[in-house]
Amino acid sequence: MKAQKSQQFAAFILFFLLTFSLASGTVFADDKANDHQNTVPTEKTFDPGEFVMHHVSDAFEWHIATFGETHVSIPLPIILHSENSGWHCFWSSKFHHGESTYKNFRIAHHGENAGKIEEVNEQGEVIGLPIDLSITKAVAGAMFSVVLLLWIFLSVAKRSQQNPDQAPRGIQNVVEPIILFIRDEVAKPAIGEHKYERFMPFLLTLFFFILINNFMGLIPIFPFGANVTGNIAVTMALALFTFLITTVSGNKHYWKEIYNPDVPWWLKFPIPLMPIVELSGVITKPFVLMVRLFANMMAGHMIVTVFISLIFLFTQLMGPAAGAAISPVSVAFSVFILLLDILVSFIQAYVFTLLSAIYFGMATSEHH
């Protein structure tokens, strides 16, 4: 029961920090029509780069489908604080897919503020950037995944308590072997038989949060489809969790090996070469965690959209017949990449959790 409460608390804290880090970060306009702001209508041409970035970037609204010039999307809350006019809360639909200015705020599409909400005066001149705590698509996706995780594990815990002598079944039969695998094959070998238990709630929360968001990003149907783990703000927050727990859990031996390792004196004096190397490793470890998960999940989404864009590109360059001819190839490769992404989703969740456990083991190991 104590471990269960700790796991629920870890999930809540993870959800809170992810929401804050994402809401404070840079997002990109989700609608392709955004680029038409303040421009003269011209003949539309297919832009593969824009198409790819449109599908993998974050957004201020949840785009569902486009029928001709009609965009179907779910508006998300915009929460801003301006030094000039204070707090503002409204729905992203007020921007009309990024084409309009509302209460002197607009979504920038060009320049150094591209993808951010900027404040303008009556003449349309930029006068500053407000503090942006808006609920973006990635934030909403993270919220949904946390609710889904809590529902799954509270249901499993309740069923396990009510029927402790019965064999697991249903979703419980899926979850319990994974929990045992993380405990027996990840936490115990990496941290140790006597110290792994206090890290289990975080490791389980970490693994299932990454796994379920990896899977949700592969399903292009609302409320799925948000590229949560392909957002570097999310992976940064997860890596910071690992970094903070490692730092707080580090014992005397761990810090001694960083600042005064057992190496020849000439590697520490007059230039503290080894302490510098060891200290840089403390920083690069979470950085590697952050980039690895982000790059792998972002790459999978981008490759699929690149294959799909070939259909439109061939149609534009060579006509409808060429587009129809390349379609089976593009779809076949897209399906193959999606199936490969299912495997990658498991691997990335496992690798992130395993490396976090190894870092915890290094921080708590005793001198021999």
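Quick definition before anything else: buried means under 20% relative accessible area, exposed means over 50%, and partly exposed is what sits in between, with a 1.4 Å probe and protein chains only. Okay, on to the model. It's a predicted one, so local features need pLDDT of at least 70, side-chain atom pairs count only at pLDDT 80 or more, and totals for chains, interfaces and linings use all residues. Residues are numbered from 1 along each chain as its sequence is written, and side-chain values use heavy atoms, with hydrogens and water left out.

The overall picture, then. The protein chain has nine helices and eight strands; those are DSSP runs numbered from the N terminus, H or I of at least four residues for helices, E of at least two for strands. Of its 368 residues, 42% are buried. Contact here means heavy atoms within 4.5 Å. Take the contacts between residues at least 6 apart in sequence, and 66% of them join residues at least 24 apart.

Now the inside. A nonpolar core is a set of buried Ala, Val, Leu, Ile, Met, Phe, Trp, Tyr and Cys residues joined through side-chain atoms within 4.5 Å. The largest one has 48 residues, and L203, F208, L238 and F352 touch the most other members. Helices α3, α4, α5, α6, α8 and α9 each put in at least two residues, with α5 giving the most, 12 residues. Domain 1 (49-135) and domain 2 (138-364) each contribute at least three residues to this core; those bounds come from an automatic or database domain assignment. A separate core of eight residues includes F60, F90, F95 and I117.

Skipping residues up to four places away in sequence, F352 touches L206, I210, L238, A239, T242, L289 and L293.

Let's go to helix α9, residues 320-364, which is where D341 is found. Beyond its neighbours within four places in sequence, D341 contacts L218, G300 and H301.

Q348 is also a residue of α9. Q348 counts as buried because its relative accessible area is 7%. Leaving out neighbours within four places in sequence, Q348 is in contact with N214, R292, L293, N296 and M297.

Over to α2, residues 48-56: F51, V52, H54 and V56 are its buried residues. The cover over them includes β1 (61-67) and α8 (273-318).

Most residues other than glycine have a negative phi, and most peptide bonds are trans. The bond from F222 to P223, though, is cis, with omega near 10 degrees, and P223 is in the loop between α5 and α6. K103 has a positive phi, near 55 degrees, and N104 has one near 65 degrees. K103 lies in the loop between β4 (86-91) and β5 (105-107), and N104 is in the loop between β4 and β5 too. Why does N104 count as partly exposed? Because its relative accessibility is 31%. K103 gets the partly exposed label at 43%.
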